[in-house]
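Trainee: I have a protein chain to study today. Please go through it with me, one part at a time.

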Amino acid sequence: MATRGRAVALTVALATGPLLLVPAEGATAAPPAAAAAAPGPGTNYATDDPFTSERAAWFRDDRFGMFIHFGAYSNLEGEYKNPDGSVCRNAEWIMRECRIPKDEYEKQAATFNPQDFDAKAIVAAAKSAGQKYIVLTSKHHDGYAMWPTKQNSWNLRDHSSFDKNRDIIAELKQAAEAEGIKLGLYYSIWDWHDPDFTSSSFPKYKERMYGQLKELIDNYDPALMWFDGEWDADRPTNPWTSRDGEELQTYLHDLNPDLVINNRVGKRRVTDGDYGTPEQEIPQGSGEGQLWESCMTINNNWGYVYDDNGWKSGAQLTRNLLHTSSRNGNYLLNIGPDKRGRVPAPSTAALKEMGDWLRSSGQSAAVYKAGFPGVVSQPNWGVVSQSGNDLYASVYQWPGAGKPLHLTANTGFTVNGASVLGSDQKVTVTKAGDGYDITPAGDATNPTATVIKLSITPAAPTAEGNGTGLKAEIFDNDQLTGSPKVTRTDPTINYAWRFGGSPAENIPTEHFGTRWTGTIEPRYSEKYQFTTVSDDTVRVWIDGKLIIENMTPHDGAVDKGAIELEAGKKYSIKVEHTEQTGEAFMKLLWSSPNTSQQIVPKSQLSPN
Ligand code: H79
């Protein structure tokens with residue numbers, strides 16, 4: 001677990017300048033105070049399990065957010081006229097892709113006047129869609145800050161024709177708060193404008209970037225930070241490393257331990273931040289080892305493009321939302337206001353269509369607080385989500401009169417009742433083959449998706465265990481040889497040691513290993529899926545059977561193994577992890593038809 005003492009010391013050091021924490025990297029000697037405060041042996045960066053923590057509860061439940069791409073690029077509305085009269089087209093990448101000279105881009109930005117930006121109208125649009133959080137681009141790759149930053153003048157107050165007394169982020173924060181909508185902020189690490197965004201002067205850039213992030217957190221108290229531009233790139237070369245990500249994540253969580261952060265804070269890996277960020281796609285499956293949120297455009301661009309009419313229909317967007325939530329994901333759907341700050345009418349219309357569907361007949365229960373339905377398999381006639389003891393089958397292909405819809409059961413449960421939301425038609429449920437046949441008597445209620453609600457009684461779990469965790473034997477070598485340097489009880493296996501941490505203060509940050517042993521007690525009789533997130537090697541035995549093995553030294557890897565277990569029985573468990581060099585991680589998660597993915601909880605683990 002994170003050493004509290006260190007966290008406190010860190011606060012003090014960071015107040016005097018975060019960059020003092022950067023290890024070596026050609027830097028001159030750091031003051032002793034900062035050096036002492038730097039994370040070191042004994043640091044675990046994983047302070048909770050985002051799958052179950054209170055901190056991330058809103059993010060897991062809310063499911064649906066609004067992305068807003070708005071910046072100096074919006075002023076060009078998708079088109080740049082070269083001096084020779086030729087036209088180059090792009091949206092938020094226009095500065096780079098159209099190779100607009102910096103002074104020319106600055107010149108156009110000076111005319112940016114989003115006088116019609118209406119935070120209340122935007123929040124109303126989000127509300128009408130059923131979106132529960134908003135993520136605004138505070139700074140995109142062009143480096144232009146949408147708030148009055150003190151770090152430079154390349155911002156909406158100091159470099160625009162906009163009202164100097166207005167602050168659109170403050171306006172959006174206030175409007176969102178009034179409606180119970182959370183505000184998140186997007187921030188691009190990659191910066192095409194800052195003269196210090198080069199490998200040699202990167203520390204100078206980082207100092208400004210830290211300054212800007214502190215401004216954002218102090219001034220607007222965002223619930224979420226959405227980083228981007230973390231990848232290796234050219235024009236300009238992007239020096240961002242996973243070490244930079246480790247340092248930044250630490251800094252942010254020190255400013256606000258509850259902050260939810262996406263995985264692009266690091267290098268977009270399963271071990272970075274709190275959640276994964278598939279872009280313009282909805283992945284199959286329910287996510288592995290990490291929460292996730294799919295971001296997508298309503299038309300074909302993030303930033304405003306005046307003639308982009310590739311609008312997705314409200315029905316398609318609603319089904320996308322149903323797909324993400326039924327796979328335990330979130331849907332972050334984008335709008336791109338025009339140069340005056342107005343939201344395109346087709347966006348507002350599509351958002352309202354989604355909200356109309358969600359508000360209709362309580363259909364929103366299929367989305368909010370709903371997720372992957374472990375007890376059944378996804379059918380080909382629609383999607384099913386689960387919320388507690390209710391299954392919501394959103395039907396796309398309504399059956400002909402008297403024809404059944406079949407659901408395959410993955411575990412035993414009984415169906416107590418079934419109804420069609422928004423209809424009083426009878427629904428007959430009968431046991432059939434590997435599950436249930438559901439036969440509605442009437443018609444579909446709407447063409448987007450008609451929801452059949454099934455109330456079920458799942459198998460009863462055994463009582464929560466009173467375990468204390470597993471016995472951990474920690475070695476200061478990566479072969480687990482000799483006698484352990486530390487023997488203790490670890491409540492869970494949930495470790496992000498990254499570069500700078502290790503399992504204990506007397507264990508160095510490289511070349512160590514841990515063997516956890518004891519028993520594990522499942523609460524249901526069914527097939528359990530175990531998932532590890534590890535770096536460098538891992539092996540897991542349950543009941544003497546090797547179910548996970550990845551002994552080729554690797555960076556953060558997700559490995560899986562399944563085993564049928566019986567409720568209330570105690571099975572032997574052994575987990576071995578080794579760290580050679582570089583980063584180190586070790587997490588043990590489980591899921592089953594009746595258990596959603598989570599770090600195996602302490603209550604079900606015993607050291608003997
Ligand atoms: O902010 C949005 C995008 O600008 C950003 N992330 C989302 C949330 C993004 N980064 N990378 N990409 C999107 C994908 C890269 C697309 C590219 Fe291209 C293809 C870059 C260059 C060629 C799209 C087409 C952008 C310019 C031309």
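Trainee: In which strand is the place of Thr-439?

Mentor: Thr-439 sits in strand E16, which covers residues 435-440. Strands (E, at least two residues) and helices (H or I, at least four) are DSSP runs, numbered from the N terminus. Please note that this is a predicted model, where local features need pLDDT of at least 70 and side-chain atom pairs count only at pLDDT 80 or more, while totals for chains, interfaces and linings use all residues. Residues are numbered from 1 along each chain as its sequence is written, and side-chain values use heavy atoms, with hydrogens and water left out.

Trainee: And is Thr-439 buried or exposed?

Mentor: Thr-439 has a relative accessible area of 17%, so it is buried. The cut-offs are under 20% relative accessible area for buried, over 50% for exposed, and partly exposed in between, with a 1.4 Å probe and protein chains only.

Trainee: What does Thr-439 touch?

Mentor: Leaving aside residues up to four places away in sequence, Thr-439 touches Gly-402, Lys-403, Pro-404, Lys-426, Val-427 and Thr-428. Such a contact means heavy atoms within 4.5 Å.

Trainee: New topic: how many disulfides does the count come to?

Mentor: A disulfide is a pair of cysteine sulfur atoms within 2.5 Å, and by this rule the count is one. The disulfide joins Cys-88 to Cys-98, with an S to S distance of 2.1 Å. Cys-88 belongs to strand E3 (residues 87-89), whereas Cys-98 is in the loop between helix H4 (94-97) and helix H5 (102-109), ten residues apart.

Trainee: Why is the disulfide of Cys-88 and Cys-98 called left-handed?

Mentor: The torsion about the S-S bond of Cys-88 and Cys-98 is about -80°, so the disulfide is left-handed. Both partners fall under the burial cut-off: Cys-88 is buried at 19% relative accessibility, and Cys-98 is buried at 8%.

Trainee: Which elements do the buried residues of H8 pack against?

Mentor: They pack against strand E4 (133-139), helix H7 (168-178), strand E5 (182-188), strand E6 (224-228) and helix H9 (242-255). The buried residues of H8 include Phe-202, Tyr-205, Met-209, Leu-213 and Tyr-220.

Trainee: What follows H8?

Mentor: Asp-221 follows H8, and its phi is positive, near 40°. Most residues other than glycine have a negative phi, and most peptide bonds are trans. Asp-221 lies in the loop between H8 and E6 and, at 46% relative accessibility, counts as partly exposed. Arg-63 also has a positive phi, near 70°. Arg-63 is placed in the loop between H3 and strand E1 (64-68), and it is buried, with a relative accessible area of 5%.

Trainee: Where are there cis peptide bonds?

Mentor: One joins Arg-235 and Pro-236, with omega about -5°, and Pro-236 is in the loop between E6 and H9. Another joins Asp-535 and Asp-536, with omega about 20°. Asp-536 is in the loop between E22 and strand E23 (537-542).

Trainee: How many cavities of 30 Å³ or more does a search of the whole structure find?

Mentor: The search finds one. On a 1 Å grid over the protein atoms alone, a cavity is a set of points where a 1.4 Å probe fits but cannot get out, and a pocket is an open set with protein on both sides within 12 Å along at least five of seven lines; lining residues have an atom within 4 Å of a point. Grid points are joined across faces, edges and corners, and a volume is the space filled by probe spheres set on the points. The largest cavity holds about 50 Å³ of space. H8 gives the most to its lining, with four residues. Among the lining residues are Lys-139, Tyr-187, Tyr-205 and Gln-212.

Trainee: What volume does the largest pocket have?

Mentor: The largest pocket has a volume of about 1,200 Å³. It is lined by 49 residues, and the closest to its centre are Asn-328, Phe-372, Thr-595, Ser-596 and Gln-597. The elements that give two or more residues to this lining include helix H3 (57-62), strand E22 (526-535) and strand E28 (595-599).
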